[in-house]
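Here is a short briefing on one protein chain. Take a look at the sequence and the fold before reading on.

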Amino acid sequence: MDGISLLTITVLAVFVGFEVVSKVSSTLHTPLMSGANAIHGIILVGAIIVAGQATHPWVLAVALLAVVLATANLVGGFVVTDRMLEMFRGRKPDKPAKPTQGEPQGDARENTEATR
């Protein structure tokens, strides 16, 4: 394929990807991010393979840059997914405060408050 065809396919893929992702409801974003993280893991493995088989120094440099960027994208995706999942978790109940020395404990405290 020539360069114009590759550029055309890339631009069309960007537009289609943007339209598909923008139409996803908010409840499906977390599973979508998890799937994207799996894809980025495959991209990272591919970048490592290319870096391992590079024969020219400039190909090695580009492949190592791809490894770094794929790693950053993968880690960032997991961080974002974790933050999104944190929003769906319920709040932990607050720990009860420790009673002071002069304050009765347990049922005795409830009885004294009820008699006031």
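Predicted model: local features only at pLDDT ≥ 70, side-chain atom pairs only at ≥ 80, totals over all residues.

The chain holds 4 helices and 0 strands. Its pattern along the sequence reads α-α-α-α.

**Fold and burial**
- The chain has 116 residues, and 10% of them are buried.
- Take the contacts between residues at least 6 apart in sequence: 54% of these join residues at least 24 apart.

**Surface**
- The accessible surface of the chain is about 9,800 Å².
- Carbon and sulfur atoms account for 68% of that surface.
- V16, V20, V21 and L32 form a nonpolar surface patch of about 330 Å².
- Helix α1, which covers residues 3-22, gives the patch its largest share, with 3 residues.
- V21 is one of the patch residues, and V21 sits in helix α1.
- V21 has a relative accessible area of 43%.

**Salt bridge**
- How many salt bridges are counted? The count is 1.
- The salt bridge joins the side chains of E19 and K23, with 3.5 Å from N to O.
- E19 has a relative accessibility of 41%, so E19 is classed as partly exposed.
- K23 reaches 63% relative accessibility. Exposed means over 50%, so K23 is classed as exposed.

Note on methods. Residues numbered from 1 in each chain as written. Heavy atoms only, no water. Helix = DSSP H or I, 4+ residues; strand = E, 2+ residues; numbered from the N terminus. Buried < 20%, exposed > 50% of the residue type's maximum accessible area, 1.4 Å probe, protein only. Contact = heavy atoms within 4.5 Å. Areas by Shrake-Rupley, 256 points an atom, 1.4 Å probe, with all protein chains shown as cover. Patch = residues over 30% accessible without salt bridge, like charges linked within 9 Å, V, L, I, M, F, W, Y side chains within 5 Å. Salt bridge = Lys/Arg side-chain N within 4 Å of Asp/Glu carboxyl O.
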